[in-house]
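I opened this notebook to record what I looked up, one topic at a time. The sequence and the structure come first, and my entries follow.

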Amino acid sequence: MLNDFIQTIPKAELHLHIEGTLEPELMFELAQRNGVKLNYKSMEEIRKAYNFSNLQDFLDVYYAGASVLQKEEDFYDLTWAYLEKARSQNVLHTEIMFDPQTHTHRGVDFSTVIEGIHAAMKDAEKRLGISSVLILSFLRHLNEENAFEILHIALPYKQWIMAVGLDSSEVGNPPSKFKNVFQEAKELGFKLTAHAGEEGPPEYVWEALDLLNVERIDHGNRSLEDKRLTLKIAKQKIPLTVCPLSNLQLKVVKDLKEHPLKKMISKGLFVTVNSDDPAYFGGYINENFLQISNALNLTKEDIFLLAQNSFRASFLDEDRKNELLKKTEEFNPN
Ligand code: ADE
Ligand code: ZN
C-alpha cells in the first residue's frame, strides 16, 4: 500500500548527478559506439565492481565510467534515459547536476556536454511533461582557479544553468577553498548549493552556509552532530537533499535502520529524499523512498511531507512551485 502511495505521489528530485545515472548497459553501448576500452568484460563484472567502502572508492569508478561519454548524442542519450525513468516514477520536476570538469579535463568540449544534456531536457519537457533545471557542479578536488575557468567557459550558456554546486572528494577540500568563485557565481545571479556533511564534519556545513552563502545543503547528514548548527538549519529552513541509498552504499551509515532521516524530520529539518547516483547505488528516487520508509517505518504523513518539501525546496519560482504543490494535495492523508 505504501508502495503505491510512493509510486504515485508527485515529487521533485533535487540531488541527482547525471553522470551517476549511467547504467551498465548504456556504458557498454557507448564504449562500443566510441571505441573506448572499459576495464570490465561483462555487465556482471561492472556490477561486482560497485561495492564501495567510501566516497573516494566510488568516485574513482564513477569518473572511469564517465569516459565513455564523448559526443553530444551520448550526453543526450544519458539524460533522456534518466528523464524517462524519473517521469515513470512520477517525478514532475528534477534539478540535474553535471560535472563539466570531468569531461573538459579529458578533452570533451563544454558545449558538447551542455548541448546534449539541454536538448534532452527540452524534449522531455515537451514529450514527457517533466520540467528540469541544470546545476553546474565544481569538482572540489581541483583548485579554485579551475572552478573559475569552468564558470567562465559556461557563461555563454548562462540562461541554461540555474545554479552552481560543489561535489567530489569532501574531506580535505572544505567549502572555504571555493569562497571567491561562489561569490562571483552569486553576483552573476546563479543559485547556490554545495555538498557538505556527507563524510565531512559539521564545520563544512557551517562554511557552506556562512562563506559560500548556499541556499541548500546536499546531504548534510553530519549536521546533527552539532546542536547549534541543527537549530540554525531548522530555524532558517535550509533544505537538506538527503540520499539514503547513497549513504548506505558509501558507508555513511552502516544500515538504513540507523539512517538519520527520521531524526531530521522530528527535529523539524527541511529534508528531501533523492537518489544521488542511482545507476551506482541500486535505485532511483522511488526505491530510495521505499527502502528508507521500510527501514524507519515512515508513515504516509512523512512521505507526503517529503514530497511537498521536494517542491518547496526546489529552485522553481513561486508560481510553478504552487502549481506542482497543488498536484500533491489529493495525496494528503489527513
Ligand atoms: N559526485 C557524485 N556523487 C557524489 C557524492 N555523493 N558526493 C560527492 N560527490 C559526488
Ligand atoms: Zn551528490
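Before anything else I wrote down how elements are named: helices (H or I, at least four residues) and strands (E, at least two) are DSSP runs, numbered from the N terminus.

**Entry 1: ground rules**

I noted that this is a predicted model, in which local features need pLDDT of at least 70 and side-chain atom pairs count only at pLDDT 80 or more, while totals for chains, interfaces and linings use all residues. Residues are numbered from 1 along each chain as its sequence is written, chains are lettered from A and ligands numbered from 1 in the order in which they are written, and side-chain values use heavy atoms, with hydrogens and water left out.

**Entry 2: the cavity**

I needed two definitions here. On a 1 Å grid over the protein atoms alone, a cavity is a set of points where a 1.4 Å probe fits but cannot get out, whereas a pocket is an open set with protein on both sides within 12 Å along at least five of seven lines, and lining residues have an atom within 4 Å of a point. Grid points are joined across faces, edges and corners, and a volume is the space filled by probe spheres set on the points.

How many cavities of 30 Å³ or more does the structure hold? I found one, and the largest cavity contains about 100 Å³ of space. Its lining has 17 residues, and those nearest the centre are His17, Leu55, Leu59, His195 and Asp277. Helix H4 (residues 55-65) provides the largest share of that lining, five residues. For classes I used this rule: Ala, Val, Leu, Ile, Met, Phe, Trp, Tyr, Cys and Pro count as nonpolar, Asp, Glu, Lys and Arg as charged, and the others, Gly among them, as polar. By that rule the cavity lining has seven nonpolar, five polar and five charged residues.

**Entry 3: a residue of H4**

I then looked up tyrosine 63, which lies in helix H4. Contact means heavy atoms within 4.5 Å, and, leaving out residues up to four places away in sequence, tyrosine 63 touches Asp99, Thr102, Leu139, His141 and Ser168. I also noted that tyrosine 63 and glutamate 19 are 44 residues apart in sequence but 8.4 Å apart in space, C-alpha to C-alpha.

**Entry 4: the pockets**

The largest pocket has a volume of about 240 Å³. Of its 14 lining residues, Met121, Lys122, Glu125, Ser132 and Val133 lie nearest the centre. Helix H7 (110-128) and strand S3 (131-139) each supply at least two residues of this lining, which divides into seven nonpolar, five polar and two charged residues.

For the second largest pocket I noted a volume of about 150 Å³. Which helix gives the most to its lining? Helix H14 (residues 278-281) does, with four residues. Among the other lining residues I listed Glu23, Arg47, Tyr50 and Gln249, and the whole lining divides into seven nonpolar, three polar and two charged.

**Entry 5: helix pairs**

Two packed helices are described by the angle between their axes and the distance between the axes. The axes are lines fitted to C-alpha atoms, for helices over the stretch in contact, and angles run from 0 to 180 degrees between N-to-C directions. Angles under 35 degrees count as roughly parallel, over 145 as roughly antiparallel, 65 to 115 as roughly perpendicular and the rest as oblique.

The axes of helix H16 (residues 300-312) and helix H17 (residues 318-328) come within 9 Å and cross at roughly 165°, so H16 is roughly antiparallel to H17. The contact is made by Phe304, Gln308, Phe311 and Arg312 of H16 with Lys321, Leu324, Leu325 and Thr328 of H17. These residues divide into four nonpolar, two polar and two charged.

Helix H2 (residues 24-34) and H5 pack at an angle of about 170°, with axes 12 Å apart, and therefore H2 is roughly antiparallel to H5. Here Leu26, Leu30, Arg33 and Asn34 in H2 meet Glu73, Asp74, Asp77 and Leu78 in H5.

**Entry 6: positive phi**

Most residues other than glycine have a negative phi. Asparagine 90, in the loop between H5 and strand S2 (91-98), has a positive phi of about 60° although it is not a glycine. Histidine 219, in strand S6 (residues 216-219), likewise has a positive phi, of about 80°.
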